[in-house]
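Reader: I have the sequence and the coordinates open. Walk me through them, one question at a time.

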Amino acid sequence: MTPRQRRIALVVGILGGVSLAALLATRAFQDNVMFFFDPSQVAAGAAPLDKRFRLGGMVRPGTVARTAGSLDMQFVVTDFQRDVPVRYSGVVPDLFRENQGVVAHGKLGRDGIFVADEILAKHDENYMPPEVARAIKEKHGGVMPVNPDIRSGPRT
Amino acid sequence: MDWTWFHRLASPPHIYRVAGTLTPWFAWPAGLLIVSALYAGLFLAPPDYQQGEGFRMIYVHAPSAWLSVMIYGVMATAAAVGLIWRMKVAHAAAASCAAIGASFTFVSLVTGMLWGKPMWGTYWVWDPRLTAQLVLLFLYLGYMALRSGIDDLGRADRASAVLAIIGVVNLPIIRYSVEWWNSIHQAPSVMKMERPSMPFDMLAPLLMMLLGFTLMFAAVMLVRVRAEVLRRERGASWVKEVVS
Amino acid sequence: MKDFFAMGGYAAFLWPAYAVTFAVVAWNIVAARRAHQEALLEARRRLSTDADGDAS
């Protein structure tokens, strides 16, 4: 091997070694790296039920119920396979909406209700003007599809 | 294989002259693109159906985040070339990238926090994407600290090059964190194989801003490379011709 | 115009973000040019001290 080939091998070796280490580390800490668990993972027992954890999914349309005169509210988080009811008291972020992503931080009670003390909204990667969104919703019976075709709206 | 052409191409006086010639060719289109993108992004693009006017954050956040990752790739590639071919100009190029990259990593974090507060409901969470981006900032800062901590230039070049190459592992983690692990951060809207998840009116200013920022980085880097090459070659005879 | 600056209520987040971004862009341009000027100055200084050394 020429000295240059040796240096190439060194660079490749460093990259390979560090990649392997990173792969092993992230696999070992998979559960800790997960920012949230979806309802199916919770049902499968993947979430740490004895501790506080984050529950993520979509806010099922028509399930948001607020108690008049207080900040108490209840809604259902779904991944379209399983549902988890959530109870929360407090202010919600701007993007907290029905049929939108949500991440609730709290603890799952014995009654199966997740009691959250922090609600974060998670938005998706789709951007479109309000008129386009309205047109797409109308086409799909008033519900935004999971993968909306942004070209199907009117020209703005 | 004969590499003399490669080394001649990378000779300091040649690079110094070429960098000087190229700089305006990157700088002016960059300025033009960024100003037009600002106008289009703030005045022409329609508001988003979910985020309203707040979505306009994307026009500063996404280009800085793109630069932060792209510049690291350039820096690590230059460092590897410097290490393998013992090329001083490549080390100078790598060293020129660090401060630029660190500054845009900082911008991506700050603009992301200012987006996260109204949209997600928090400035910061220890989410995989956000944490990996913070690690990127520390990689840049560590690279600069390591360089400034070693007096001997050749040793500083080699040691910092190894650090830069090690840090490359973080780049796919940043990119794919939103797919590998559940993350609060949304998936990419533009930097993916499929069609962008954005109509043309919103997409055009973003693409202009991405290109403008990339060209701006090229121009800034070329100026920094000239400075770095000049500093390293102070005593050389070609420098005497340049400065006199 | 007032509506434009209000940004639908996101002014307090949007404008600081734009300000930070373009402040950093400006800093990058200024810092790079200053580094080049300083390197030129330093090379010139060295050249003149070398010339002095030759003369003595």
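Reader: Start with strand β1 of chain A. How many of its residues are buried?

Author: This is a predicted model. Strand β1 of chain A covers residues 53-59. The rest of the structure largely encloses strand β1(A), because its buried residues number seven of the seven.

Reader: Which strand joins β1(A) through six bridges?

Author: The two strands of this pair run antiparallel. In the pairing, A:Arg54 stands opposite A:His105. A:His105 lies in β5(A). The strand joined to β1(A) by six bridges is β5(A).

Reader: β1(A) also pairs with β3(A). Over how many bridges?

Author: β3(A) spans residues 72-78. A:Met58 faces A:Thr78 of β3(A) across the pair. The sense is antiparallel, and the count of bridges is two.

Reader: Now β5(A) and β6(A). In which sense do they pair, parallel or antiparallel?

Author: β5(A) runs over residues 101-108. A:Val103 stands opposite A:Leu120 in β6(A). Eight bridges link β5(A) and β6(A), and the sense is antiparallel.

Reader: Which residue takes a positive phi in the hairpin of β5(A) and β6(A)?

Author: Five residues lie between the strands of this hairpin. The phi in question is near 85 degrees. The residue is A:Gly112.

Reader: And β4(A) with β6(A): do they run parallel or antiparallel?

Author: β4(A) holds residues 83-89, and β6(A) holds residues 114-122. A:Tyr88 stands opposite A:Ala116 in β6(A). Three bridges join the two strands, and the direction is parallel.

Reader: Step back to chain A as a whole. What pattern does it follow along the sequence?

Author: Chain A has four helices and six strands. Of its 156 residues, 29% are buried. Among chain A contacts between residues at least 6 apart in sequence, 42% join residues at least 24 apart. Read along the sequence, the pattern is α-α-α-β-β-β-β-β-β-α.

Reader: On to the interfaces. Which chains have the most contacts between them?

Author: Two pairs of chains touch. Chain A and chain C do not touch, and their nearest C-alpha atoms are 11 Å apart. The most contacts are between chains A and B.

Reader: Which element gives the most to the side of chain A that touches chain B?

Author: That contact takes 36 residues from chain A and 38 residues from chain B. On the chain A side, α1 (3-28), β6 and α4 (130-139) each give two or more residues. By class, this side has 24 nonpolar, five polar and seven charged residues. With nine residues, the element that gives the most is α1(A).

Reader: Take the contact of chains B and C. How many residues on the chain C side are nonpolar?

Author: Chain C gives 26 residues to this contact and chain B gives 32 residues. On the chain C side, four are polar and four are charged. The nonpolar residues number 18.

Reader: Inside chain B, how are α4(B) and α5(B) oriented to each other?

Author: α4(B) covers residues 88-119 and α5(B) covers residues 128-149. Their axes lie 9 Å apart at an angle of about 150 degrees. The cut-off for this class is over 145 degrees. The two helices are therefore roughly antiparallel.

Reader: What is the handedness of that crossing, and how many residues of the contact are nonpolar?

Author: α4(B) passes α5(B) in a left-handed crossing. The contact includes B:Ala98 and B:Ala102 of α4(B), and B:Leu137 and B:Tyr140 of α5(B). By class, the contact has four polar residues and one charged, and the nonpolar count is 13.

Reader: How are α5(B) and α6(B) oriented to each other?

Author: α6(B) covers residues 153-167, and it packs with α5(B) at an angle of about 170 degrees. Among the residues that meet are B:Tyr143 and B:Leu146 in α5(B), and B:Ala159 and B:Leu163 in α6(B). The contact divides into seven nonpolar, three polar and one charged. At that angle, α5(B) and α6(B) are therefore roughly antiparallel.

Reader: Last one. Is B:Ser244 buried or exposed?

Author: B:Ser244 sits in the segment after α9 (237-243) of chain B. Its C-alpha atom is separated by 32 Å from that of B:Met144, 100 residues apart along the chain. B:Ser244 has 10 other C-beta atoms within 10 Å, so it is exposed.

Terms used: Residues are numbered from 1 along each chain as its sequence is written. Chains are lettered from A and ligands numbered from 1 in the order in which they are written. This is a predicted model: local features need pLDDT of at least 70, side-chain atom pairs count only at pLDDT 80 or more; totals for chains, interfaces and linings use all residues. Two residues are in contact if their C-beta atoms, placed from the backbone, lie within 7 Å. Ala, Val, Leu, Ile, Met, Phe, Trp, Tyr, Cys and Pro count as nonpolar, Asp, Glu, Lys and Arg as charged, and the others, Gly among them, as polar. Two strands pair if DSSP finds at least two bridges between them. Axes are lines fitted to C-alpha atoms, for helices over the stretch in contact, and angles run from 0 to 180 degrees between N-to-C directions. Angles under 35 degrees count as roughly parallel, over 145 as roughly antiparallel, 65 to 115 as roughly perpendicular and the rest as oblique. A crossing is left-handed if the near helix is turned anticlockwise from the far one by less than a right angle, and right-handed if clockwise. A residue is buried if 20 or more other C-beta atoms lie within 10 Å of its own, exposed if 12 or fewer, and partly exposed in between; C-beta atoms are placed from the backbone.
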